[in-house]
Amino acid sequence: MTSADALHRILERAELDGWAGSDPYDALLSPLGRAVTHLGGLPRFVLSQLVLRVPAARTFTKPPVTVNTKGLALFLGAVSRGRHRLGPTRPHALARELIGEIESRAVPAGGGLGWGYPFPWQSRSFWAPAGTPNAVVTVTVGWHALHAAEAFDNANARALGLGAARFLAAGLRLTKVAPDSVAVSYTPADETQVVNVSALAGRLLLRAARVGGDPELAMLGAKLIRFVLQAQRPDGTWPYAMEKGGSWMDSFHTGYVLESLVHAREMGYPVPDGALSRGIEAYGRFFGSNGEARLTLPESAPLDAHSAAQGVVTYGAIAQSEAASDSRRHAARAAAFRISDWALRALWIQGESHFAYRITAGWRDEREFLRWVQAWMALAMATVESLRTVEETSDSIPAGVA
């Protein structure tokens, strides 16, 4: 099994299923979940966590499959990055289909366009009914829509990307953290200061400012990136959030932050080299010598598909960054391939065309989560193929031409 084969198979199966699938956090859509919803935050949170962590609980509650806009955006990103491996016409057709699906789910809000999850969910801090526009889904749509706009010269994708940026700028709450920095909320109703959310939003605003020629978006993006840099700990890590109870960290959220800073630097924001170096060194501790992707830092932590996918994406961003040194780019490329190879060996389920969720204490949890695992893995496999495409293109240029 190769990364190109996995990309093809995931996309084929997802399209055949109408882009619908299960999600780790969809418990409250089940009949039991609907009954629990009216009982308040604690029962909602407990049931959601139970169905997330215990496979038998999911079997018992039977949440229905849904089409998740964040999954659609990740698949769009996979098609954009992997288009050179998908044939001459298929990438354009898939991109048009996915852009149409995303556009049909847009919620006008804050002078822009927002997107939410198709299920209600209860976090530690707040409650979000189904469809509530939030920063994470919207920023994922915006980022991959702008890339698709460039890859396929698609005006609709460009409009979606800029609409997402406007929602992030005006449809959410901003908390002043320091004289020159702010944090953005998760939804319009909360005031959380989640570090990776501000990192992802800042990155999109910087890109949208370049695409749309809006200096105000660039100014806000810079303030968000400054907050992220100020939140970095001396050991190079970042807390999940600044609120009480948010000091924990894990692999993929760290990857979101690091990837965002790499792209911000590439777009001209002066991310200090020391901050990146400390972040890259800290991030590397989540991965084993053979590419094993751990969810958290202890060696006994679960080996995690989402963490592996983000590892490939984050190291891929470093490997392709013109703002990184040659040695850093080569090391990142090797890391991306190492993690991808491990995921294909350890997590790919032969005959079922999907990746497993996790490996815990030697036991492989083979539940299929479309948005949380398959869409992310499609993006990761496409990232690997884009690295190979760049390498092949460079090798084909005669000496003296470049």
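1. Phenylalanine 252 and tryptophan 372 are both buried in this predicted model. Their rings form an edge-to-face aromatic pair, with 5.5 Å from centre to centre and 90° between the planes. The pair links distant parts of the chain, 120 residues apart: phenylalanine 252 belongs to helix H11 (residues 251–266) and tryptophan 372 to helix H15 (residues 370–396). Both residues also belong to one aromatic cluster, made up of Tyr25, Phe252, Tyr256, Trp372 and Trp376.

2. How many aromatic pairs does the model contain? The count comes to 17. One of these is the pair of tryptophan 19 and phenylalanine 75, which is tilted, with 5.2 Å between the centres and 55° between the planes. This pair, too, connects distant parts of the chain. Tryptophan 19 sits in the loop between H1 and strand E1 (20–21), while phenylalanine 75 is in helix H5 (residues 69–81), 56 residues apart. Tryptophan 19 has a relative accessible area of 2% and is therefore buried. Phenylalanine 75 is at 1% relative accessibility, so it counts as buried as well.

3. The backbone at tryptophan 19 deserves a separate remark. Its phi is positive, about 65°, although the residue is not a glycine. The preceding position, glycine 18, follows H1 and also has a positive phi, near 70°. Tryptophan 19 itself is placed in the loop between H1 and E1.

4. Which residues of H1 are buried? They are Ser3, Ala4, Ala6, Leu7, Ile10, Leu11 and Ala14. Viewed down the helix axis, the buried residues fall within an arc of 160°, which means that they line one face of H1.

5. From first C-alpha to last, H13 reaches 21 Å, close to the 21 Å expected at 1.5 Å a residue. What caps the N-terminal end of H13? The cap is aspartate 304, with a side-chain oxygen 3.4 Å from the backbone nitrogen of histidine 306.

6. Aspartate 304 caps H13, and strand E9 spans residues 303–304. E9 belongs to an open sheet of three strands in the order E9-E12-E13, with antiparallel pairing. E9 and strand E13 (363–365) are the edge strands, each pairing on one side only. Two bridges join E9 to strand E12 (residues 358–360), and these strands run antiparallel. Leucine 303 has isoleucine 359 in E12 as its bridge partner.

7. Between E12 and E13 lies a loop that contains alanine 361. Phi of alanine 361 is positive, near 50°, in a residue other than glycine. Is alanine 361 buried or exposed? With 82% relative accessibility, alanine 361 counts as exposed. Tryptophan 19 likewise has a positive phi without being a glycine, but tryptophan 19 is buried.

8. Strands E7 (residues 174–178) and E8 (residues 181–184) run antiparallel and are joined by four bridges. The two strands form a hairpin, with two residues between them.

9. What joins the side chains of serine 181 and glutamine 230? The two side chains are joined by a polar contact of 2.8 Å.

Terms used:
Residues numbered from 1 in each chain as written. Predicted model: local features only at pLDDT ≥ 70, side-chain atom pairs only at ≥ 80, totals over all residues. Heavy atoms only, no water. Buried < 20%, exposed > 50% of the residue type's maximum accessible area, 1.4 Å probe, protein only. Arc of directions from axis to C-beta. Phe/Tyr/Trp six-rings, centres within 6.5 Å; stacked < 30°, edge-to-face > 60°. Pairing = 2+ DSSP bridges. Expected span 1.5 Å × (residues − 1). Polar contact = N/O pair within 3.5 Å; in protein donor to acceptor, adjacent residues only side chain to side chain.
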